[in-house]
Amino acid sequence: YLPQREPMIMVDQLLSHDSFATRSGLYILEDNILVSKGKLSEAGLLENMAQTAALSKGYELSLLGEKAPIGFIGAVKNLMIQKQPRVFEHIETEIKVKHEVPTLAL
(Lines give C-alpha, C1' and ligand atoms only; values in the text may rest on other atoms or scores of the structure.)
Protein backbone atom coordinates (compact mmCIF):
# COMPACT_ATOMS: atom_id res chain seq x y z
CA TYR A 1 0.00 0.00 0.00
CA LEU A 2 3.08 2.25 0.21
CA PRO A 3 5.30 3.61 -2.54
CA GLN A 4 8.34 3.40 -0.21
CA ARG A 5 10.73 0.48 -0.46
CA GLU A 6 13.38 -0.98 1.83
CA PRO A 7 15.24 0.37 3.67
CA MET A 8 12.71 3.21 4.13
CA ILE A 9 9.67 1.19 5.24
CA MET A 10 8.60 2.63 8.61
CA VAL A 11 5.29 0.76 9.04
CA ASP A 12 4.84 -3.00 8.95
CA GLN A 13 1.17 -3.43 9.87
CA LEU A 14 -2.16 -1.91 8.95
CA LEU A 15 -4.05 -2.31 12.24
CA SER A 16 -7.28 -0.50 11.36
CA HIS A 17 -8.73 1.86 8.79
CA ASP A 18 -11.97 3.73 8.27
CA SER A 19 -12.96 7.01 6.65
CA PHE A 20 -11.80 9.00 9.70
CA ALA A 21 -8.64 7.33 11.00
CA THR A 22 -5.91 4.82 10.23
CA ARG A 23 -3.72 2.92 12.72
CA SER A 24 -0.40 1.34 11.82
CA GLY A 25 2.14 -0.73 13.69
CA LEU A 26 5.92 -0.90 13.56
CA TYR A 27 8.19 -3.37 15.30
CA ILE A 28 11.49 -1.53 15.63
CA LEU A 29 14.48 -3.60 14.60
CA GLU A 30 18.11 -2.74 15.29
CA ASP A 31 18.96 -2.67 11.56
CA ASN A 32 16.32 0.00 10.86
CA ILE A 33 18.05 2.77 8.92
CA LEU A 34 16.59 5.44 11.24
CA VAL A 35 17.64 3.78 14.51
CA SER A 36 20.43 5.52 16.37
CA LYS A 37 21.94 4.51 19.71
CA GLY A 38 19.27 1.84 20.22
CA LYS A 39 16.30 4.19 19.66
CA LEU A 40 14.13 5.16 16.71
CA SER A 41 15.27 8.68 15.82
CA GLU A 42 13.01 11.72 15.65
CA ALA A 43 13.25 11.48 11.85
CA GLY A 44 12.12 7.85 12.10
CA LEU A 45 9.09 8.81 14.18
CA LEU A 46 8.17 11.55 11.74
CA GLU A 47 8.59 9.19 8.79
CA ASN A 48 6.42 6.63 10.60
CA MET A 49 3.68 9.26 10.95
CA ALA A 50 3.98 10.27 7.29
CA GLN A 51 3.89 6.66 6.13
CA THR A 52 0.82 5.98 8.27
CA ALA A 53 -0.92 8.81 6.39
CA ALA A 54 0.35 7.37 3.08
CA LEU A 55 -0.83 3.92 4.15
CA SER A 56 -4.33 5.31 4.63
CA LYS A 57 -4.50 6.68 1.09
CA GLY A 58 -2.68 3.70 -0.42
CA TYR A 59 -5.11 1.26 1.16
CA GLU A 60 -8.13 3.23 -0.08
CA LEU A 61 -6.72 3.35 -3.61
CA SER A 62 -5.88 -0.37 -3.57
CA LEU A 63 -9.57 -1.10 -3.00
CA LEU A 64 -10.20 0.76 -6.27
CA GLY A 65 -7.42 -1.14 -8.07
CA GLU A 66 -5.11 1.88 -8.19
CA LYS A 67 -1.48 2.31 -7.08
CA ALA A 68 -0.30 4.25 -4.06
CA PRO A 69 0.78 7.78 -5.01
CA ILE A 70 4.05 9.42 -4.02
CA GLY A 71 3.40 12.19 -1.50
CA PHE A 72 5.31 14.57 0.67
CA ILE A 73 5.05 16.35 3.99
CA GLY A 74 4.02 19.95 3.42
CA ALA A 75 4.71 21.17 6.95
CA VAL A 76 5.23 20.06 10.52
CA LYS A 77 4.08 22.39 13.25
CA ASN A 78 4.37 22.14 17.03
CA LEU A 79 5.73 18.59 17.05
CA MET A 80 6.94 17.53 20.49
CA ILE A 81 8.52 14.11 20.93
CA GLN A 82 8.38 13.05 24.56
CA LYS A 83 10.11 9.68 24.26
CA GLN A 84 11.90 7.78 21.54
CA PRO A 85 10.96 4.10 21.31
CA ARG A 86 13.76 1.58 21.76
CA VAL A 87 14.82 -1.28 19.53
CA PHE A 88 12.51 -4.31 19.82
CA GLU A 89 9.55 -2.19 20.94
CA HIS A 90 6.31 -2.17 18.97
CA ILE A 91 4.70 1.19 18.34
CA GLU A 92 1.22 2.01 17.08
CA THR A 93 0.51 5.24 15.24
CA GLU A 94 -2.93 6.71 14.53
CA ILE A 95 -3.63 9.48 12.06
CA LYS A 96 -6.94 11.29 11.75
CA VAL A 97 -7.82 13.00 8.50
CA LYS A 98 -8.89 16.59 9.04
CA HIS A 99 -8.24 18.05 5.59
CA GLU A 100 -7.21 16.52 2.30
CA VAL A 101 -5.24 18.52 -0.25
CA PRO A 102 -6.15 17.88 -3.90
CA THR A 103 -3.64 15.91 -5.98
CA LEU A 104 -1.02 17.99 -7.75
CA ALA A 105 -0.03 17.15 -11.30
CA LEU A 106 3.74 17.28 -11.73
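1. Is Tyr 27 buried, partly exposed or exposed? Tyr 27 counts as partly exposed because its relative accessibility is 37%, where buried means under 20% relative accessible area, exposed over 50% and partly exposed in between (1.4 Å probe, protein chains only).

2. The model is predicted: local features need pLDDT of at least 70, side-chain atom pairs count only at pLDDT 80 or more, and totals for chains, interfaces and linings use all residues. Residues are numbered from 1 along each chain as its sequence is written, and side-chain values use heavy atoms, with hydrogens and water left out.

3. Tyr 27 and Phe 88 form a tilted aromatic pair, 6.5 Å centre to centre with 45° between the planes. Rings of Phe, Tyr and Trp (its six-membered ring) pair if their centres lie within 6.5 Å; planes under 30 degrees apart count as stacked, over 60 as edge-to-face and the rest as tilted. Phe 88, at 48% relative accessibility, is likewise partly exposed.

4. Thr 22 is buried, at 0% relative accessibility. Its side chain makes polar contacts with the side chains of His 17 (2.7 Å) and Ser 56 (3.0 Å). A polar contact is a pair of N or O atoms within 3.5 Å; within protein, one must be able to donate a hydrogen and the other to accept it, and residues adjacent in sequence count only if both atoms are side-chain atoms.

5. The largest nonpolar core has 9 residues, among them Met 10, Leu 34 and Ile 91. Such a core is a set of buried Ala, Val, Leu, Ile, Met, Phe, Trp, Tyr and Cys residues joined through side-chain atoms within 4.5 Å.
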